[in-house]
Amino acid sequence: MSTQTARPSASSPSAQDAETVSLPFGKAITAALHDELASDESVILSGEDIGQLGGVFRVTQGLIETFGSDRVRDTPLAEAGIVGTAIGMAMGGYRPVVEIQFDGFVFPAFSQITTQLAKLRYRSSGQLEVPVVIRIPYGGGIGAIEHHGESPEGYFTQTPGLRVVTPAHPQEAYTLLRAAIRCPDPVIYLEPKSRYWVKGEVRRSTPEASDLDGAVIERDGDDVTLIGYGPVVPTLHEVAGELNDGGVSAEVVNLRSLSPLDLETCADSVRATGRAVIAHEPPTTFGPGAELAAHLAHECFYSLEAPIERVGGAFTPYPAAAFEHAYLPTAERLHLAVRRTLEH
């Protein structure tokens, strides 16, 4: 198997280009993996039960039949070994895509990710590329048992050298993953497991490098900016619609990339509305929204009409499924946060 297969250029699209299909979120990821495996022989998938079983969420279902067990590899139950092997493969010219079965299972591989994967390119002054993608189903909302429902994104956003991205919609699931696989940097690709079965239109086209960066304003508004990512984005739209019915115009910003953050898009929106509510599932204490709130307070100080509000988890271990309703950023909690900003 060659490790030097040329990547298709944007000027010579693959057979899948321009095809638009309706797919569940999880199958949009499957399509992205299929299309990258088909277009680059150096792409290798590895993970626990991703072969014949197709993964716990069946995201890799059917890929081993198409591409064989050399490229869709079942691994032992050893996350540190899976990631460590992927790092070596990347240094040898491959583009490994690793699946971690559940968010809570990533911690045995934490040392490999933060002390090796994140630092190799910097330590080598860019001479070494480590194009490893680590796919992690994350977040709550499915009634999972302990260690099967976590929000570990804060650990990775505080680790220099890692890109951290998370899609909210099927199209983003497809485009962001293809762009992540083509990126020379290591990428933590977070998949909101509560969204796996949500369907949407997906255009199967070759991504641009810029697809990996940048927040998106998904709904225009004048009175308050609602900012979030991944599993919370649909809740932001729900709240924005209800606010609109009450005469409040809310803008919705989907971050997509958590590291690096698109601070410019967020700041431009908040300068226009004068108010901001940031929502995410992990704790607000030292959470991903804290850095964004600090930046917005600095850059938009003279435009703010009210303090920036954050809605997220409590500073506790992730709760049992029966108590998720009190932990996750619900529409009700977001409404209360918006109300507080409008009182100023």
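Which residues line the largest cavity?

Reply: Happy to. This is a predicted model, in which local features need pLDDT of at least 70 and side-chain atom pairs count only at pLDDT 80 or more, while totals for chains, interfaces and linings use all residues. Residues are numbered from 1 along each chain as its sequence is written, and side-chain values use heavy atoms, with hydrogens and water left out.

The largest cavity is lined by Val56, Phe57, Val59, Glu99, Gln101, Arg135, Pro137, Glu191 and Tyr196. A cavity here is a set of points on a 1 Å grid over the protein atoms alone where a 1.4 Å probe fits but cannot get out; a pocket is an open set with protein on both sides within 12 Å along at least five of seven lines, and lining residues have an atom within 4 Å of a point. The volume of this cavity is about 30 Å³ (the space filled by probe spheres set on the points, which are joined across faces, edges and corners). The count comes to 1 cavity of 30 Å³ or more. Its lining has 5 nonpolar, 1 polar and 3 charged residues (Ala, Val, Leu, Ile, Met, Phe, Trp, Tyr, Cys and Pro are nonpolar, Asp, Glu, Lys and Arg charged, and the others, Gly among them, polar).

Now for the open spaces. The largest pocket holds about 400 Å³. It has 18 lining residues, and Ser151, Tyr155, Pro282, Pro283 and Phe315 are the closest to its centre. Helix H6 (153-157) and strand S13 (276-283) each supply at least two residues of that lining (helices, H or I with at least four residues, and strands, E with at least two, are DSSP runs numbered from the N terminus). By class, the lining splits into 11 nonpolar, 6 polar and 1 charged residues.

The second largest pocket comes to about 250 Å³. Around it stand Gly154, Thr157, Gln158, Leu258, Ser259, Leu261, Leu263, Phe286, Gly287, Pro288, Ala290 and Glu291. H6, strand S12 (257-259) and helix H10 (288-299) each give two or more residues to this lining, and H10 gives the most, with 3 residues. Its classes are 6 nonpolar, 5 polar and 1 charged.

Ser259 from that lining is also joined to proline 260 by a cis peptide bond, with omega about 5°. Proline 260 sits in the loop between S12 and H9. Elsewhere, aspartate 49 is not a glycine, yet it has a positive phi of about 65°; this residue belongs to the loop between strand S2 (43-47) and helix H2 (63-67). For context, most residues other than glycine have a negative phi, and most peptide bonds are trans.

Helix H9 (residues 263-273) packs against H10 at an angle of about 55°, with axes 10 Å apart (axes are lines fitted to C-alpha atoms over the stretch in contact, and angles run from 0 to 180 degrees between N-to-C directions). H9 is therefore oblique to H10 (under 35 degrees is roughly parallel, over 145 roughly antiparallel, 65 to 115 roughly perpendicular, the rest oblique). From H9, Leu263, Cys266, Ala267, Val270 and Arg271 meet Leu292, His295, Leu296 and Glu299 of H10 (contact means heavy atoms within 4.5 Å). This contact divides into 6 nonpolar, 1 polar and 2 charged residues.
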